[in-house]
Amino acid sequence: MSKRPLPHVNSVTKPYWDGCTRGELVIQLCRNSACGKYVFYPRVCCPHCNGGDLEWEKISGKGVIASYTLVHRPQHEAFYQEAPVCFIAVRLDEGPILYSQLVDRPANVELVEARVEAIFQEVAPGFSLPYFRLSGAAPKGGVGKREP
Amino acid sequence: MARGSYDGVFVVGCGQTEYTRRTDKAIQRLIWEAIDVALRSANLPWKAVDGFGASCFVLPPDNVTVLAEHFGLTPRWLFQGVYGGASSIIAMLHAARAIQAGDADVVACVAADIFDVAMHNELLDRFNTSMRDYFAPYGFGGANGVFALHTRLYMERFGATREDFGRLCVAQRTNALLNPNALMKKPLTLEEYLSAREIAEPLRLFDCVHPCCGADAVILASEKVAKNLGVPLVSILGGGGQHNYPVEDIYSLRGGWEAMSERMYGQGRCSPSDLQFAQLYDDYPVMEFIQLEGLGVVPRGRTAEFLRSTDVTVHGAFPINTGGGQLSAGQAGASGGMIGVFEAVTQLRGEAGARQVSCDRGVVAGYGLVAYGRGQSSSAAILARAS
């Protein structure tokens, strides 16, 4: 089996990956007082106000599943044995969307809007990725907001 | 001339190779064949080409400049598409502006690729830094995984069902069976669609395009050149592109079309009710739903209802993807952004053979460049038979 694809770490993204390896979710926060929004993925500037002053902050690691899929045909052979992969978009409580996998997926539970929390797993020596597991009570009613 | 008009420019030719699962041909040969067919349909020689635009994922380490040298062209104007499946419509619109400005007289716009499933997955894993760093490490399933998330949300938010997406896929297969260049040669039933193997839930096999090999091209010319060719002429009534829209919400189930369509219809002095077909970017059926809504053909969230009551085959009231689209003709990589342009021009020239629909005006849409969670680029144009 070939090696799993891993991120390329650079000077912009290193604080994020270093946080993951320490077991902490650390993302950027815009220091412009008129903006103050959280930013993910790591960038050189704030995409909300376009300012260049971002600081790193440890966040809760909590959020809800915005959407999910069970991937039966992963794009890379490194994942074939663990298929189906539960690939999720997490809307962090701080705002941004972060993509990951749901681990310990229970059967027959509606996952859209379900609350999740980050955990960290080492995927290469000295390098960890954030994954998520369900936290707290199952969501009531289940499905996402309906538009009329 | 109306503000933003594409007056003074015509699409004068179009060409397409057969779409095949594999090919022994070099990518340059496929590109040459599509342009050669298109130039013949325009009654123009290769030496008339003084502008050249190309979109192709497997072209590197070469690019459009190297390709021009390979073909022996001496262009005044070059374009290379960097907008994924939105590239070819943008190429056509940029070429039209260049012709209007006098920077070129005859522009060949081509898209082509030599693709299979493994190459497509490998491309997506390194498509850009977002996909490489934040998607690939999680076994996301390539584009299937990205659009499964949008499909699930569309179903939950608007009450669409698998059958609703299936109706569109089955209708496009009906159209493809009348297209000799299409990859898929067998009929598809709704039952086969619903029970196909799972790929990335809720997507199953026939929600996903089949990567393949092929090329599409169109030729644009100034009015001065076009009027002496003796071929059917197609006008660009309006068009545009929109990128990274809406900027702060990946899961709005909207795309750039809603931001640009009012301007496009204004340029063309027409409305969605004047359209007689739509050639949509069908990487996944959910994106066709979102395009129909963004282009104002169907109210937001109502495409499932529309498809329950409208025959969208070439025999029906509002034909969609009259050549089968990428879902049934195949996705030859970047050619996925040109197949709809080729099909629209072929229909408007009255050269679509068994799949010909009665039409003098229709819309074509493009979409692509999947980056952080969605395609970043949308494009569209209204094309019409020149009077």
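Start with the largest nonpolar core of this predicted model. This core holds 169 residues, and B:V218 and B:L220 are the ones with the most contacts inside it. Next, select helix 3 of chain B, residues 87-101, which supplies the largest share of the core, 9 residues. Chain A takes part as well: domain 1 (9-59) and domain 2 (60-140) of chain A each provide at least three residues of this core.

Now zoom in on B:L220. Which residues is B:L220 in contact with, once its neighbours within four places in sequence are left aside? Pick out B:V9, B:V11 and B:V12, then B:M92, B:A95, B:A96 and B:I99, and finish with B:V107 and B:C109.

Move on to the contact between the chains. Colour the 33 residues from chain A and the 33 residues from chain B that form this contact. On the side of chain A that touches chain B, look for strand 4 (62-71), strand 5 (85-92) and strand 6 (97-101), each supplying at least two residues. Strand 4 of chain A gives the most to that side, with 6 residues. Colour that side of chain A by residue class and you will find 18 nonpolar, 10 polar and 5 charged residues.

For the last stop, stay with chain A and show domain 1 (9-59) and domain 2 (60-140) separately. Their centres, taken over C-alpha atoms, are 21 Å apart. Where they meet, 10 residues of domain 1 are in contact with 14 residues of domain 2. On the domain 1 side, helix 1 (14-22) and strand 2 (38-39) of chain A are the elements giving two or more residues. That side of domain 1 divides into 7 nonpolar, 2 polar and 1 charged.

Note on methods. Residues are numbered from 1 along each chain as its sequence is written. Chains are lettered from A and ligands numbered from 1 in the order in which they are written. This is a predicted model: local features need pLDDT of at least 70, side-chain atom pairs count only at pLDDT 80 or more; totals for chains, interfaces and linings use all residues. Two residues are in contact if their C-beta atoms, placed from the backbone, lie within 7 Å. Helices (H or I, at least four residues) and strands (E, at least two) are DSSP runs, numbered from the N terminus. Ala, Val, Leu, Ile, Met, Phe, Trp, Tyr, Cys and Pro count as nonpolar, Asp, Glu, Lys and Arg as charged, and the others, Gly among them, as polar. Domain bounds come from an automatic or database domain assignment. A nonpolar core is a set of buried Ala, Val, Leu, Ile, Met, Phe, Trp, Tyr and Cys residues joined through C-beta atoms within 7 Å. A residue is buried if 20 or more other C-beta atoms lie within 10 Å of its own, exposed if 12 or fewer, and partly exposed in between; C-beta atoms are placed from the backbone.
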